[in-house]
Amino acid sequence: MGSGRYLDDPLIFTRNPPSFSSPITESSFPDESISRSGSYESESLRGGDGESISDADFGLERLAGTVQFYERHVFLCYKKPSVWPARIEASEFDRLPRLLSSVVSARKSSMKKETLLTICEGHDGTETSNGDVLIFPDMIRYRRLTHFDVDTFVEEVLVKGVEWLPGNPESLSGSSYVFICCHGSRDRRCGVCGPSLVSRFREEIELCGLGDEVSISPCSHIGGHKYAGDVIIYGLNINQKVTGHWYGCVTLEDVPLLLEQHINNGVIVDRLWRGEMGLLEEDQKKTQEQRLQLNSDKISNREVTQESVNDSICFQQNGNSNCLEENHTEKNTSERVTSVKNASFRVTSSENVSCGFKVCATMSMWLENWEKEDTYAALAVACAAASVAIAYNCYKQLK
């Protein structure tokens, strides 16, 4: 399967390009709207060659393996997406990205790493000023690249792999860097969907207090217009290794999920996952299959473990342990244990269980342990008390 990248895109530098799907251009995309979930609604979608695009082209089952192999990602910070032309790397009026793209293309055969070049938003006087260059997985920033420095920068940093000292290299301080395609002049979907995702990410990051840890940047075309919204997340995994994961068909409702699972917990969201930096397309598919199988096995093991607990049911909260021994000789006791087991699982599966829930669980256990003999005994006591009351009343009347 092709990655959906354009064959004539000068910003993609690989030595062994795979097959490509038909491109989708801005002019071929009619007026469309975005639903509340962030997904696109259009009655007639057509590719650049006039070929109709079926619903299957937007199916999530085709996401894995749609990222072309690369080992290094270079971002040039440059202006706003609203002023980027469709081909910013070939624009006569944008000299810096045009020269950088040209030199990288000319020197690609001398580079030891497959390199991807992308434009991201730049604002003078900020962490991503115009001319700054971000490099992943190196997690390095070079400041204030100009068109006079392009040849030297490419030769020293991208070809020889040494520092370009005039650029004052510095390590990126954040834990995660998120890039979202907002290249509206290249594709209208990205131009509408991308900025909405950027705003939602920033809102959620502020609510979570992650402003110093997570950086959000709009970027230019990264391939796969039909997978809009396109999101790339660079950051450290549990092994302290920088990884780059691509997500596609991301909606506004998916933003909190990506923040919670991927950025906070390092868990891949497989239904949106397109691929990973450093993996060939077939390896991306195999990696996802292995991950899904592993997750399935873990779920199966948890279910077996829960079913095998038949000797004693215990749960602990706030330092207090409560246990109930099973009696296999009585059917009604077995049924009570099954009910308590369910209550026990609910308690242990929650990290923040209120004291009220514990009281309710205890009352439930007490009621379910009430034996039939206890009922008869209680009735006998009640009858005896009634008899005494009647006898006393008769005695008073006779007196």
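Asn264 lies in helix 4, residues 255-264; a helix here is a DSSP run of H or I with at least four residues, numbered from the N terminus. This is a predicted model, in which local features need pLDDT of at least 70, side-chain atom pairs count only at pLDDT 80 or more, and totals for chains, interfaces and linings use all residues. Residues are numbered from 1 along each chain as its sequence is written, and side-chain values use heavy atoms, leaving out hydrogens and water.

Is Asn264 buried, partly exposed or exposed? Its relative accessible area is 40%, so Asn264 is partly exposed (buried is under 20%, exposed over 50%, partly exposed in between, with a 1.4 Å probe and protein chains only). Not counting residues up to four places away in sequence, Asn264 touches Leu210 and Leu259, where contact means heavy atoms within 4.5 Å. Ser175 is 89 residues from Asn264 in sequence, with 10.0 Å between their C-alpha atoms.

Now let's turn to another pair of helices.

| Helix | Residues |
|---|---|
| Helix 1 | 95-107 |
| Helix 2 | 150-159 |

The axes of helix 1 and helix 2 are 10 Å apart, and the two pack at an angle of about 45°. (Axes are lines fitted to C-alpha atoms, for helices over the stretch in contact, and angles run from 0 to 180 degrees between N-to-C directions.) Therefore helix 1 is oblique to helix 2; angles under 35 degrees count as roughly parallel, over 145 as roughly antiparallel, 65 to 115 as roughly perpendicular, and the rest as oblique.

In helix 1, the buried residues include Leu96, Leu100 and Val103.

Key:
The expected span of a helix is 1.5 Å times one less than its number of residues.
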